[in-house]
Each structure stands twice: as structure tokens, then as C-alpha cells.
Amino acid sequence: MPAQQKKIIFCIAGVLSFACALGTAAAIGTQLWVKGTILCKTGALLVNATGQELEKFVGKIQYGLFHGERVRQCGLGGRPFQFSFFPDLLKIIPASIHVSVILFCTVLIIFALVGTGFFMFNAFGSPYETLHGPVGLYLWSFIAWIAEMRSISPSVSGSCGCLIMILFSSEVKIHHLSEKIANFKEGSFTFKTHSEQFANSFWIILVCSLVHFLNALLIRFAGFEFPFSKSKDSGTITGAVDLMY
């Protein structure tokens, strides 16, 4: 492939990697990780609400990694509340999982920025043979796919983005994070999750993790072989040389 086309491919990969870093950073700071509705179970049981009457006891909730908002509906109109995970909710949420999600988001941003630097260096500079060359590009593209997954299972491999999604999904679904937030400092009323779904920021993490795989494909498209792989031709030539001696 001509050098000019390789430069274009590396530039595209660098832009994608930088967009991954920006997208992850933006996702961390938003409240759009989970959206849902919360049912005031106590109020609904008191008046035996059914059908359209039940809607008067269904409030809304949305939150991210640091803060969120919920609308409390107990039959007398909505009352909005702002909440923060640090330090208000640390005692009721699985803090270790929540902090791990934030740390892995930070790791994903760091590796995306480092990968951007390597892509741009190879596009406009003189790449070295190891970390600054194709091997380095593969390394920083795939490091987010293979790092830290052994903490879940030695046989499982994936990306930091996948690990973030797994940890946060377990926090929301298994540990019932929305219900714990809704029932925080509620004395006489009990709230139950009516519906919930992952919002835009959660899916941005998935897209950003897939960028690393796409960058690796772009490097392969540029004509570089995968690192640490030996072609059959080179092995055949080496064998023929050995026979000559």
C-alpha cells in the first residue's frame, strides 16, 4: 500500500481513538447511564390503585456514575430530588463495584489517548519497529480488550469497555441499585423499580470499546501483519537455508 494511503488510515485510526477518549470522558460526567420509573408501593397499596390510577404513584429516576435525579410520586404530585453517590450513597451501594467502574473508565480514556499518540506518530513521524511501529499500535488498541479481565475469570478475555459494562450491569440489575437509591432516607414509604433501561452513556462505552477492534482492523488493512505472527513463507525460506548448510 502506498505511503500516502497508510498515512490516511493512521490518521483515521487516530481520530477514532481520540473520539473514544472524548466519548468516554463525556459519558462519565453525565446522568444518562440509567433511566427508569419507580413505583411508590406503599401509596399504591393504601388506595388499592390499578390501571390509570397507578400512574399517580409512578415516578422517574435517572443517574450516572456520580450524581442523578429522581421524581418522587406518591399520589400528591411529583417532587424532584437531586442525589450524589459521593459521599451520600456510599453506605447503601456496592462501593467497590462502583469505584471499579469509574477506575476502568479512566483506564479506557488513558489507553485511548496513548493510542491516539501512537497513531499520529506513525502517520506523521518515523515509527520504530517495536512500540512505536505496528506492534505498538496493536498493543495499545488491544490493551483495553485484554487487560484486567482475569479478575473475573481466567478463561474470559475482553475489553475494559466490556468489563465496565459487566460491572455496572451487575450493580444495577443484581444489586438493585435503582431501588436502593429510591428508598434512601425514606421512612414510611417503600419504592420498587417499575421499569429501567440503560441510557446513552452506557452504550457509548460499548462503542468506544469497539473502536479499539476497529483500529486493529485498520492497521491490518494498511498492510501490516498481526504482531508476533510468522508467515509460512519465512519459515520455508529458513528451512531451505538450513538445508544448504
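Predicted model: local features only at pLDDT ≥ 70, side-chain atom pairs only at ≥ 80, totals over all residues.
Two strands are said to pair if DSSP finds at least two bridges between them.

**The β3–β4 hairpin.** Select residues 67-73, strand β3, together with residues 78-84, strand β4; the two strands pair in the antiparallel sense over 7 bridges. Within this pairing, centre the view on Val71, which stands opposite Pro80 in β4. Next, move to the 4 residues between the strands of the hairpin and select Gly75, which takes a positive phi near 95°.

**Gln31.** Proceed to the loop between α1 (3-28) and β1 (34-40), where Gln31 is placed. Gln31 has a relative accessible area of 17% and therefore counts as buried, the cut-off being under 20%. Display the side chains of Gln31 and His67: a polar contact of 2.9 Å joins them. Then show the surroundings of Gln31, neighbours within four places in sequence left aside; the residues in contact with Gln31 are Gln62, Tyr63, Gly64, His67, Gly68, Glu69 and Gln82.

**Ser178.** Select helix α6, residues 177-182, and within it Ser178. Is Ser178 buried or exposed? Its relative accessible area is 1%, so Ser178 is buried. With neighbours within four places in sequence again left aside, display the residues in contact with Ser178: Val34, Ile38, Ile61, Tyr63, Thr193 and Glu196.

**From Ser178 to Gln62.** Finally, draw a C-alpha to C-alpha distance between Ser178 and Gln62: the two residues are 8.7 Å apart in space and 116 residues apart in sequence.

Key. Residues numbered from 1 in each chain as written. Heavy atoms only, no water. Buried < 20%, exposed > 50% of the residue type's maximum accessible area, 1.4 Å probe, protein only. Polar contact = N/O pair within 3.5 Å; in protein donor to acceptor, adjacent residues only side chain to side chain. Contact = heavy atoms within 4.5 Å.
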